[in-house]
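Please read it alongside the sequence and the coordinates shown here.

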Amino acid sequence: MIARTAARWQTSDWQQVMKTMIRSVDELCDALALDPATLDLDPAAQQAFALRVPRPFVALMEKGNSRDPLLLQVLPQAQEMQPVPGFVADPLQEASFNPVPGLVHKYRGRVLLISSPACAVHCRYCFRRHFPYQANTPGLADWQQALDYIAADPSIVEVILSGGDPLSASDDYLAGLISRLAAIDHVSYLRIHTRLPVVVPQRVTDGLLQALTGSRLQPTMVIHANHAQELSADVAESLALLRQAGIRLLNQSVLLAGVNDSEASLRALLERLHQIQVEAYYLHLLDAVEGAAHFQLPQARALALYEALRRQLPGFMLPRLVRETPHAPYKTWL
């Protein structure tokens, strides 16, 4: 058993945050002292992909700033409703890699489980904003088909819990699912892709630490932060608890126009990640998902930014600049 510092948050804390999250543009604007009439909004954008943002994340936004980089990630804008050639509902063609409900198998050696359909925050650039979650979220009692698929393929050594966000599920649910995965002999590694410790740091409780470390599987957590402003003292504390429990921490970001598309913002993000002992893993080019074209940067601009970072930062602080291509056997490094 790995020694750990007790988390100061209780299960009821994060559940209360989830219950009281902001779900309307008017409520969000009120919290940030913004006039909705001055913003480029379209109610249809919120109908197409609901606004959902927890209050701890809103508290990190600058009041009165309609261009705040955290706000732009969650605000439904009129631009989302403009069709753009090449931007489609399933940009990574995940439907082609969905052999049984709840399981995506794109790469050799690992599979991804849609372990929860819910997210604590709806990021407007999310490549799964149109994903058919209703057909892909078995309850804990209904995972057997996916577990049988994994058990039948001895090449699968890693299982990735994704979603939605897997940490929006309860500790007991996660512990039960992880226990069933650990019973498959050839599975050795557990990876959790989550944004919850960033947007709801209260989610890191003793119960969660026990659920993630209570099996023989070696756990890695990949968090998702796009801007240094997201990595508050509370977030750093939650991540420290995960690290002290023996969970390796990585970060992936998406390169987003208007959010982090400058040398200064990317450098600040990477330096902050290093400060709080999280490895920079991937810097993704935007997936061409319908509704997110206004976040896209030209590849030449992305390469220029990355070259600038290489000149300013040590190699161990740099993520891999990647693009994901449907049906490729791995992510493409740029």
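Predicted model: local features only at pLDDT ≥ 70, side-chain atom pairs only at ≥ 80, totals over all residues.

When residues up to four places away in sequence are set aside, the contacts of Glu94 are Val104, Lys106, Phe127, Arg128 and Phe131.

## Nonpolar cores

The largest nonpolar core has 98 residues, and the members that touch the most others are Leu28, Val53, Leu113, Ile150 and Leu181. Helix H7 is the element that gives the most to this core, contributing six residues.

The surroundings of Ile150 can be described in detail: leaving out neighbours within four places in sequence, Ile150 is in contact with Leu103, Val111, Leu113, Ile156, Val159, Leu181, Ile184, His186 and Val187.

## Packing of H7 against H9

Helix H7, spanning residues 171-182, packs with helix H9, spanning residues 206-213, at an angle of about 5 degrees and with the two axes 8 Å apart. The pair is therefore roughly parallel, because angles under 35 degrees are placed in that class.

On the H7 side the contact is formed by Asp171, Leu174, Ala175 and Ile178, which meet Gly207, Leu208, Ala211 and Leu212 of H9. Sorted by class, the residues in this contact are six nonpolar, one polar and one charged.

## Cysteines without disulfides

How many disulfides does the structure hold? The number is zero. Cys123 takes part in no disulfide, and the nearest cysteine sulfur to it, belonging to Cys126, is 6.7 Å away. For Cys126, the closest cysteine sulfur is that of Cys119, at 6.1 Å, which is too far for a bond, because a disulfide requires a pair of cysteine sulfur atoms within 2.5 Å.

Cys123 and Cys126 fall into separate accessibility classes: Cys123 counts as buried at 8% relative accessibility, whereas Cys126, at 24%, counts as partly exposed.

Terms used
Residues numbered from 1 in each chain as written. Heavy atoms only, no water. Axes fitted to C-alpha atoms, helices over the stretch in contact; angles between N-to-C directions. Helix = DSSP H or I, 4+ residues; strand = E, 2+ residues; numbered from the N terminus. Parallel < 35°, antiparallel > 145°, perpendicular 65-115°, else oblique. Contact = heavy atoms within 4.5 Å. Nonpolar A, V, L, I, M, F, W, Y, C, P; charged D, E, K, R; others polar. Buried < 20%, exposed > 50% of the residue type's maximum accessible area, 1.4 Å probe, protein only. Core = buried A, V, L, I, M, F, W, Y, C linked by side-chain atoms within 4.5 Å.
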